[in-house]
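Me: I'm new to reading protein structures and I'd like to go through one with you. Could you show me how to read its features, step by step?

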Amino acid sequence: MKQFLPDNLHSEAGRCLPSDPTMPSVQLRQVTATYEGVTALENITFDLAQGDQVAVVGPNGAGKSTLFTLIAGTLAPVQGTVNIYGSGAQGHRCVGYVPQRNRIDWKFPVTVADVVMMGRVGRIGLFRWPRRQDREMVAQALERVHMHDLARRQIGELSGGQQQRVFLARALAQEANLLLLDEPLTGLDLPSQEAILDLLAQLRQQGVTVLVATHNLNQAASHFAKVLLLNRRLIGLGTPQEVLTPSLLSQAYGSQLHIIRSTQGDLLLADTCCDESHVPYFEEQPLPIPKPAPATESIFS
Amino acid sequence: MSGLDWLLEPLHYGFMMRGLLASMMVGIICSTLGVYVILQGMAFFGDALAHAILPGIVLAYLLGWPLAVGALIFGILTSIGIGALSHKGEIREDTAIGIVFAGSFALGVAMLSTVGGYAVDLAHILFGDVLAVSVQDLWVMFGLSVCVLLIVLLFYKELLVLIFDPVLAKVLRLPTTFLRYLLLILIALTIVIALQTVGIALVLAMLVTPAATAQLLTRRIPSMMLVSAICGMAANVIGLYLSYYVNIASGPAMVLVATLFFMLAFLFAPERGLVIQKWKPRLQQG
């Protein structure tokens, strides 16, 4: 029966291991992509090295999720090429990702261990059942995110931070060498934030490349060695000091960014939240006391 | 009359014995596949598919083939048709289902209306008659049931990933299109198996009700499938006895028992039942 099925059904051990450590982990060349008929990314070119941990920042609709779907290989670019560890984005199966909360049915009858085991499915291969080594990988992955004592819980019974950690453990069980995380720290309880930051530090030592989309410029600056600033086009890629500058940030955020000069230095207010509907509200009906817009980030320079 | 006699008496009739075997098989298969149907939100698809295979049944009837063969061909054609119509995203899936469902059902009724005794035949197909199951039918049902269960077992983990997190299925490079069609075909097969017991109009209940009952009582897929299969089988057997002693049509009797099971679980499930959820806050307060 096997010869009638496509080749990619079977896992190929070692495919996730880069043969050449100097090879870029993520390489985009003149990539343009559309999402629902609209150009979401335009002419993006950059390289990331193996083990880079990068915060991807930009306003809403900047194309952060589109960039992730391109790298995961679930969306093909209209133009340009995407290479992951030297193979095309579709050829690589070791991209781990944490899904957006609203994409998951939390009433689904699966336990924590079941979800983590899903990360192994590609490697176990068709017509086979999980073996002892797969169960060990699952247990180890859960231990690394401090969730092993909750392995038998149904996923809906966990807190938001614990759920986030379960999906991180799934990516670990998948032996991903490229991790895509969307707002992994936002709104989490402190133990979960610490567990995730701790894990990111471990992954850095293992040479796992991590991309984190975030609205939080402070987090981007404090926890990541590299920042990728995006708004449909690539605006900057480098250290936080190089990228999070008033001129680049105002290129990315445009009218959503306010620079306030004070005696103590420049204060940047980047309104990065949710929708833009409240912006005209401010213009039409000035409030007696100007309230800061929700989810405002500040950086002192 | 002792309880045992009460249970055994109907089985002296060959048609009741065959009916009992058919009901049990249908209960197990439908309720197992039903778990996928409700988790994937495919209730409407299941109902539509049951109606859309009518032309196949009529064709098989006219040509003198086993009804299951005609039903199976149209079931698979319909599944592929709906998949192909909505695949590009131009037409929403529920719209595609509606179009294929109504069109195909109309074709079936039109074909049937050209044959004499139309009203009787239509009623038979719409509501099924488990007591008319032949030995040959039983073997066909058994063969198809084994196929369905085997496929579920072979692709268990891949189908689980596809239903729970389709993006992961793509990222792991699982053959998602193949798996999607496989699921549609499995549901088509299941409907064909169930057709003679409950008919087109009520087959949806077999797919959805026991699985929904099981979801209230369990927290993992394997146990949900098991509980669902037990519920479905029990409902069908009890329904069959009811139809014998109370003299009501067997298909509706089975569906009513399954519905009763669901209502009980909905009200009294140990953790997720309505009663416990209403009482828990009061108990904690007082």
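Reply: Happy to. Let's start with a term we'll need for placing residues: helices (H or I, at least four residues) and strands (E, at least two) are DSSP runs, numbered from the N terminus. Take A:His146: its place is the loop between α4 and α5 (160-173) of chain A. Keep in mind that this is a predicted model.

Me: Okay, so what is the phi of A:His146, and what stands out about it?

Reply: Here's the general idea: most residues other than glycine have a negative phi. In A:His146, phi is near 55°, a positive value in a residue other than glycine. Another case is A:Phe127, where phi is near 65°, again positive in a residue other than glycine. You'll find A:Phe127 in the loop between α3 (121-124) and α4 (132-144) of chain A.

Me: Where is A:Thr22, and is it buried or exposed?

Reply: A:Thr22 sits in the segment before β1 (26-35) of chain A. A:Thr22 and A:Ile235 are 213 residues apart along the chain, and their C-alpha atoms are separated by 25 Å.

Me: What is A:Gln30 in contact with, once its sequence neighbours are set aside?

Reply: First, its place: A:Gln30 lies in strand β1 of chain A. Leaving aside neighbours within four places in sequence, A:Gln30 is in contact with A:Asn43, A:Thr45, A:Gln79 and A:Gly80. Look at A:Gly80 in particular: 50 residues separate it from A:Gln30 in sequence, yet the two are 4.8 Å apart in space, C-alpha to C-alpha. A:Gln30 is still exposed, because it has 12 other C-beta atoms within 10 Å.

Me: How many helices and strands does chain A have?

Reply: Chain A comes to 10 helices and 13 strands. Of its 301 residues, 39% are buried. And among the contacts in chain A with a separation of 6 or more, 67% are between residues 24 or more positions apart.

Me: How many residues does the largest nonpolar core have, and which have the most contacts inside it?

Reply: The largest nonpolar core has 167 residues, and A:Val116 and B:Val203 are those with the most contacts inside it. Helix α11 (residues 176-217) of chain B gives the most to this core, with 24 residues. Domain 1 (7-245) and domain 2 (247-300) of chain A both give residues to the core, so it lies between them. To see the surroundings of A:Val116, leave aside its neighbours within four places in sequence: its contacts are A:Val138, A:Ala141, A:Leu142, A:Val166, A:Ala169, A:Arg170 and A:Ala173.

Me: How many residues of chain B are in contact with chain A?

Reply: On one side there are 22 residues of chain B, in contact with 21 residues of chain A. On the chain B side, the elements giving two or more residues are α9 (156-164), α10 (166-171) and α12 (221-245). The largest share, 5 residues, comes from α9(B). By class, that side of chain B has 13 nonpolar, 2 polar and 7 charged residues.

Me: What about a residue in α12 of chain B, such as B:Met225: buried or exposed?

Reply: B:Met225 lies in that helix, and it counts as buried because it has 23 C-beta neighbours inside 10 Å. Setting aside neighbours within four places in sequence, B:Met225 is in contact with B:Thr32 and B:Val35.

Me: Last one: how do helices α4 and α5 of chain B cross?

Reply: The general idea is that two packed helices are described by the angle between their axes and the distance between the axes. Here, the axes of α4 (residues 54-63) and α5 (residues 67-87) of chain B come within 7 Å and cross at roughly 145°. The crossing of α4(B) and α5(B) is right-handed. By class, their contact has 10 nonpolar, 3 polar and no charged residues.

Technical notes
Residues numbered from 1 in each chain as written. Chains lettered and ligands numbered in written order. Predicted model: local features only at pLDDT ≥ 70, side-chain atom pairs only at ≥ 80, totals over all residues. Axes fitted to C-alpha atoms, helices over the stretch in contact; angles between N-to-C directions. Left-handed = near helix turned anticlockwise from the far one by under 90°. Nonpolar A, V, L, I, M, F, W, Y, C, P; charged D, E, K, R; others polar. Contact = placed C-beta atoms within 7 Å. Core = buried A, V, L, I, M, F, W, Y, C linked by C-beta atoms within 7 Å. Buried ≥ 20, exposed ≤ 12 C-beta atoms within 10 Å, placed from the backbone. Domains from an automatic or database assignment.
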